[in-house]
Amino acid sequence: MIMADYASEAGHFYIGDGSPYYSVIGKNGKERPATLRDARKVGAVPGVTTILACAAKPQLTRWMIQQAVLSALTLPRIDGESSDDFLKRIEEDRQAQSKAAADRGTEIHAAIEQHYRGEPHGVQWTEWVIDVAAELAEREKTRWLPERSFACSMGYGGKVDLHSEGWVVDIKTKDGDVTESKVYDEHAQQLAAYRRGLGVDHARCGILFVSRDKPQARFVEVPEADLQTGLACFDALLAYWMAKNQYYPGKQ
């Protein structure tokens with residue numbers, strides 16, 4: 001597999017059999033990301049994270065602001081540079097830092113997936129994989145299956161990081177120490193939507209936090225009551241997304 005195979009599902013679509021519909025061949029003969037217009041043509045459904053993007057994400061917004069402030073503090077001002085040009089450089093630096101963090105997270109995701117597929121992974125991530133496996137084994141000694149995509153009759157799809165007969169797990173990589181990581185409303189919404197989409201409505205759900213900076217993992221289970229609330233919130237966002245885009249896949 002190439003690294004793109006491990007990319008986030010954000011902004012992606014899925015066709016009826018659950019296969020990812022991430023890209024199409026454009027008129028110029030080159031591959032490009034699939035758009036809503038493309039999805040309409042084949043009846044593809046939006047991904048869970050696409051639906052969740054309809055709601056504000058205070059934690060993400062705060063992180064982006066912090067990154068911009070750090071860039072502003074560390075970038076030297078060029079003599080004669082206009083404020084607009086300086087702001088542009090700050091934004092470019094912030095985006096570069098964000099991309100570097102995202103790329104490292106994608107590599108860690110890939111190594112974890114390869115481990116659970118029984119495939120070789122980059123040796124630089126061995127300690128991360130060992131810590132993840134130990135953290136999951138403490139919760140339940142089961143056969144963990146990686147990266148399953150789906151599309152459901154409710155009109156959405158997604159790709160689940162890890163699941164088993166009794167669990168649905170999403171992996172979140174983040175900077176720094178993860179021992180005090182907490183689950184947020186969006187996490188419950190995402191896992192509840194995944195659980196229903198996989199047809200395992202009674203599975204337990206959790207977030208596996210993995211540090212990007214050091215081999216450290218922490219698993220946090222999401223309470224059932226939060227999952228029920230999360231599903232209600234997700235359904236409201238799904239209805240909003242469909243109405244806003246006037247596209248009702250699976251409901252027409």
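Glu-81 is a buried residue, with 15% relative accessibility, where buried means under 20% relative accessible area, exposed over 50% and partly exposed in between, computed with a 1.4 Å probe and protein chains only. This is a predicted model, in which local features need pLDDT of at least 70 and side-chain atom pairs count only at pLDDT 80 or more, whereas totals for chains, interfaces and linings use all residues. Residues are numbered from 1 along each chain as its sequence is written, and side-chain values use heavy atoms, with hydrogens and water left out.

**Salt bridges**

- Glu-81 pairs with Arg-89 in a salt bridge whose closest N and O atoms are 2.7 Å apart, the term being used for a side-chain nitrogen of Lys or Arg within 4 Å of a carboxyl oxygen of Asp or Glu.
- Arg-89 is partly exposed, at a relative accessible area of 21%, and a network of salt bridges links Arg-77, Glu-81 and Arg-89.
- The structure holds 12 salt bridges, and one of these joins Lys-172 to Asp-170 at 2.9 Å, N to O.
- Within that pair, Asp-170 is buried with a relative accessible area of 3%, while Lys-172 is partly exposed with 22%.
- Side chains of opposite charge can pair when their charged atoms come close.

**Glu-147 and its partner**

- Lys-159 and Glu-147 form a salt bridge in which the closest N and O atoms are 3.9 Å apart.
- This pair links distant parts of the chain, with Lys-159 in strand β7 (residues 156–163) and Glu-147 in strand β6, 12 residues apart; helices (H or I, at least four residues) and strands (E, at least two) are DSSP runs, numbered from the N terminus.
- Both partners are buried, since Lys-159 has a relative accessibility of 13% and Glu-147 one of 15%.
- Strand β6, in which Glu-147 is placed, covers residues 145–152, and Glu-147 has a positive phi of about 45 degrees although it is not a glycine.

**Other positive phi angles**

- Gln-246, likewise not a glycine, has a positive phi of about 50 degrees; Gln-246 is placed in the segment after α7 (224–245) and counts as exposed at 52% relative accessibility.
- Most residues other than glycine have a negative phi.

**Helices and a contact across the sequence**

- Helix α4, made of the 35 residues 83–117, reaches 51 Å from its first C-alpha to its last, which is close to the 51 Å expected at 1.5 Å a residue; the expected span is 1.5 Å times one less than the number of residues in the helix.
- Arg-139 lies in helix α5 (residues 126–139) and is partly exposed, with 35% relative accessibility.
- Although Arg-139 and Val-220 are 81 residues apart in sequence, their C-alpha atoms are 9.8 Å apart in space.

**Nonpolar surface patch**

- Ile-65, Val-69, Leu-70 and Leu-73 form a nonpolar patch on the surface, and together they have about 400 Å² of accessible area.
- Patches are made of residues with over 30% relative accessible area and no salt bridge, like charges being joined within 9 Å and nonpolar side chains (Val, Leu, Ile, Met, Phe, Trp, Tyr) within 5 Å.
- Accessible areas come from the Shrake-Rupley method with a 1.4 Å probe, and for residues only the protein chains shown count as cover.
- Leu-73, a member of this patch, is placed in helix α3 (residues 58–74) and counts as exposed at 66% relative accessibility.

**Sheet**

- Three strands form an open sheet in the order β2-β1-β5, with antiparallel pairing, and its edge strands, β2 (20–21) and β5 (45–46), each pair on one side only.
- Strand β1 (residues 13–14) is joined to β5 by two bridges, the two running antiparallel; strands pair if DSSP finds at least two bridges between them.
- Tyr-14 stands opposite Val-45, which belongs to β5.

**Cysteines**

- A search of the whole structure finds zero disulfides, a disulfide being a pair of cysteine sulfur atoms within 2.5 Å.
- The cysteine sulfur closest to that of Cys-152 is in Cys-205, 14 Å away, which is too far for a bond.
- Both cysteines are buried, Cys-152 at 15% relative accessibility and Cys-205 with a relative accessible area of 0%.
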